[in-house]
Every structure is written in structure tokens, then in C-alpha cells.
Amino acid sequence: MELNIIHVDMDAFYASVEEQDNPKIKGLPVIVGGLSNHGIVTTANYEARKYGIHSAMPIFMAKKKCPKGCYVFPRMKRYQEVSKEVFSILYEFTDLIEQVSIDEAYLDISNISMEPLELVMKIKEKVMIDTGLTMSVGVSYNKFLAKLASDWNKPDGIKVITEDMVPNILLPLPVRKVHGIGPKSAKKLNGIGVYTIEDLLGLSEYFLIELFGKAGMEIYSRIRGIDYRKVNTTRERKSLGVERTFEEATSDKKVLMKYLERFSEELSYDLKNRGIHGRTITLKIKDENFAVQTRSKTLNEYINDLPQIFDISLELLEEIEIHNKIRLIGITASNLMTSELEQLSLFD
Ligand code: TTP
Ligand code: MG
């Protein structure tokens with residue numbers, strides 16, 4: 001099975017942001033939470049977890065376990081900001097992203113030609129360079145296994161789960177690890193002597209439905225490593241484009257056309273790589289006085305082939321009157337559509 005799903009999850013997210021923003025506390029046990037003794041721990045960094053501190057623990061208890069820890073009040077606005085930064089990096093790689101929470105997402109990487117591991121390293125590296133933060137990434141062929149994998153080597157982990165690894169990985173897992181089995185259900189199962197997925201496998205689908213209702217069907221599949229849920233893209237990209245500033249401004253149309261040809265190739269490649277088509281092409285130029293002109297053309301059909309994009313760019317270039325030397329030129333595709341139909345036809 002194709003390893004086309006990845007799950008990313010930032011490590012000790014709020015606490016790591018605090019460490020990053022305040023070098024003085026870097027490496028110390030950091031606990032983020034309501035500061036009164038009635039408050040609870042929102043999250044703790046891995047240093048603090050060594051003391052047995054975890055999310056949802058009362059602060060007074062955390063303080064008993066680790067009196068010298070750095071206790072920090074949450075700064076939600078800041079975490080949202082950093083989260084946006086992380087997601088904008090993810091969107092540089094693909095649009096097929098399902099954001100699950102402030103620090104967690106599934107990516108469908110079917111359209112990316114890079115090897116999954118190479119891609120994962122690239123993403124982690126970019127996130128580290130831009131934000132100073134680490135994330136853990138799981139790679140597999142469905143969402144359930146990808147999420148399980150991202151949790152496997154936390155923090156700063158990478159884990160790939162291939163089909164042949166599934167029995168060894170799943171069988172010994174405690175039932176609590178199965179999505180859909182919460183602490184209460186786990187207790188119920190333990191009550192009837194079912195502790196691990198291996199134990200669960202002995203139960204019929206009918207029995208699981210009796211026990212969990214509709215969720216029983218999903219659980220029956222999950223514990224066999226089966227999960228057909230799609231990555232539900234939570235944001236649509238509005239446009240995709242290429243532009244460049246010249247070292248030396250030019251009014252030579254031939255040079256501009258050459259650039260448009262190259263950009264059309266890049267844009268076409270980028271669109272195809274992401275499995276999207278566009279219906280609108282926009283040409284933008286900026287002259288040496290920084291005056292910007294744009295021209296757009298919207299078609300009746302969706303395109304992503306080089307020759308079509310190039311032809312339209314040339315048409316648009318003809319529409320612009322060039323008086324001064326040009327210092328920047330670019331083209332953008334918008335009115336985008338994900339080519340799901342195209343993907344489907346592969347299976348027909
Ligand atoms: P998690 O990803 O569950 O936890 P984490 O990122 O702190 O640690 P790790 O993934 O390495 O295990 O949650 C992401 C953020 O969501 C977390 O930093 C703080 C917040 N959060 C809460 O507000 N309440 C909670 O109960 C939990 C678990 C997290
Ligand atoms: Mg996290």
C-alpha cells in the first residue's frame with residue numbers, strides 16, 4: 001500500500017513556544033497552565049514530564065512534583081500565531097491538509113513526487129529553521145496508522161508504518177490507543193478481560209456494535225489496520241503563482257516572453273504536482289517606478305498545461321502597454337479546483 005498519509009503533531013506545543021520565546025527557561029521543566037492552585041496543567045515540556053507532570057493535572061499537584069519548574073500562564077494569541085506559521089509551511093508542500101487542532105494535521109501526500117521520508121525531513125527542517133520548534137511525524141497508508149506513528153517516537157520523531165509492520169505494531173497495543181475507545185470504554189473492556197488489540201480481535205463485529213453502537217464498526221476495522229477516512233482539506237488555496245524581480249530592469253519583450261515561458265512551465269509543474277487546475281491566469285508586472293499593472297483572463301475550462309498557460313500569459317502581455325523598464329514579472333493561477341475526478345479515474 002502506498003505510504004500517502006502523514007500526520008504531524010508539534011511536540012509539547014505551548015511549552016515549546018514558551019521556551020523558544022524565552023531562552024532563559026529553555027531546557028528547564030516548563031509547565032503551561034492556569035497559575036492559581038485551582039488551575040490545571042495545559043501542557044508540560046518533556047523535561048517536566050520526567051517528573052510525572054501531564055496535561056489536565058491540577059497545578060498544585062504539579063508543584064508538589066516539581067516545585068522548581070517554570071510555571072507559565074498560557075498566551076493563546078501567541079500560540080495561534082506560531083500555529084499559523086507552521087501551517088503556512090505545510091501549505092508550501094501541499095494543499096491537501098486537514099487541520100485537526102492548533103498543532104496537529106493530516107497531509108495527503110499522494111500528489112507529491114518526493115519520497116515520503118525525504119519530504120518529512122524537509123518539512124521538519126523548514127519548521128525548525130523558521131520557528132525553532134520540533135514536530136513528530138507519522139507516515140503510513142491511512143489516517144489511523146499515521147496518527148499512531150506520529151506518537152511513536154515523540155518528541156522530534158519520525159515513524160513509518162508499512163503494511164507488513166501492522167500486526168506486530170497493533171497486537172500488543174492497549175485498547176485505549178484505538179481511536180473511538182475512550183477511558184470509559186477501555187474500563188468496560190478491561191472488565192471483560194480485554195486489554196490489548198489482540199484481545200479485541202477475538203470479538204465479533206456484532207459484539208463490538210452491541211458494545212459501542214455504530215462506532216463498533218469503525219473499531220472493528222481500525223484494529224485490523226483498515227481506515228478509509230479521507231483527508232478532509234480544511235482550507236482551499238486561493239491561488240498559486242510564480243514571480244521574480246530582475247537584477248536589471250528590462251523593456252525587451254523577448255526577455256519578458258522568455259521569463260513567461262519559464263514561469264508557465266514552473267506553474268504548470270506546481271499545479272500538476274498538487275493535483276489542481278486553475279480557471280484564471282493573471283499576469284503582473286512592476287516597472288522601475290514600482291507601478292504595478294495586472295491583467296487577467298478567466299476561461300470556461302480548468303487548465304494546468306504549460307502551452308495553455310503560456311499562450312494566455314502572452315496574450316495578457318500584449319494587453320499591457322509598456323512605457324518604462326520592467327523590474328518584476330509574474331503569473332498566477334486562481335479559481336482553483338482540486339482534481340479529485342482525475343484521481344478517481346486512476347482507479348476506474
Ligand atoms: P497535544 O498535541 O495533545 O500535546 P502537546 O503538543 O503539548 O505535547 P505532545 O504532542 O508532544 O504530546 O496538544 C497540543 C496543545 O494543545 C498543547 O500544547 C496544549 C493544548 N492542550 C490543552 O489545552 N489541553 C489539553 O488537555 C491538551 C492535551 C492539550
Ligand atoms: Mg502536540
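Modeller: First, a cut-off: a donor here is an N, O or S atom within 2.8 Å of the metal, and water is not among the atoms, so sites may look incomplete. Keep in mind too that this is a predicted model.

Colleague: Fine. Which residues coordinate the magnesium ion (ligand 2)?

Modeller: Asp-9 and Asp-103 each give OD, and Met-10 gives O. The distances run from 2.0 to 2.2 Å.

Colleague: How are those donor residues spaced in sequence?

Modeller: The pattern is D-M-x92-D.

Colleague: And what's the arrangement around the magnesium ion (ligand 2)?

Modeller: Octahedral, because the 6 donor atoms subtend angles of 83 to 176°.

Colleague: Are Asp-9 and Met-10 buried or exposed?

Modeller: Buried, both of them.

Colleague: Zooming out. How many helices and strands are in the protein chain?

Modeller: The protein chain has 14 helices and 12 strands. Its radius of gyration is 25 Å, well over the 20 Å from the globule rule for 348 residues, so the chain is more spread out than a compact globule.

Colleague: What does the C-alpha trace span along its principal axes?

Modeller: About 80 × 55 × 30 Å.

Colleague: What share of the residues is buried?

Modeller: 44% of the 348 residues.

Colleague: And the accessible surface, what does that come to?

Modeller: About 18,600 Å² for the protein chain. Carbon and sulfur atoms hold 53% of that surface.

Colleague: What about contacts: what percentage is between residues 24 or more positions apart?

Modeller: 63%, counting contacts with a separation of 6 or more.

Colleague: Switching to cysteines. How many disulfides?

Modeller: The count is 0. A disulfide needs two cysteine sulfur atoms within 2.5 Å.

Colleague: Is Cys-66 buried or exposed?

Modeller: Cys-66 is buried, at 2% relative accessibility. Cys-70 is buried as well, with a relative accessible area of 16%. The cut-off for buried is under 20%.

Colleague: Where does Ala-56 lie?

Modeller: In the loop between α2 (46–49) and α3 (59–65). Ala-56 has a positive phi too, about 75°, and is not a glycine. With a relative accessible area of 54%, Ala-56 is exposed.

Colleague: Last one. Where is the place of Asp-164?

Modeller: Asp-164 sits in the loop between β8 (158–160) and α7 (166–170). At 65% relative accessibility, Asp-164 is exposed.

Colleague: What separates the C-alpha atoms of Asp-164 and Leu-306?

Modeller: 40 Å. Along the chain, Asp-164 and Leu-306 are 142 residues apart.

Key. Residues numbered from 1 in each chain as written. Chains lettered and ligands numbered in written order. Predicted model: local features only at pLDDT ≥ 70, side-chain atom pairs only at ≥ 80, totals over all residues. Heavy atoms only, no water. Donors = N, O, S within 2.8 Å, 3.2 Å for Na, K, Ca; no water. Tetrahedral: all angles 85-135°; square planar, octahedral: opposite > 155°, others 65-115°. Buried < 20%, exposed > 50% of the residue type's maximum accessible area, 1.4 Å probe, protein only. Helix = DSSP H or I, 4+ residues; strand = E, 2+ residues; numbered from the N terminus. Rg over C-alpha atoms; globule rule 2.2 N^0.38 Å. Contact = heavy atoms within 4.5 Å. Areas by Shrake-Rupley, 256 points an atom, 1.4 Å probe, with all protein chains shown as cover.
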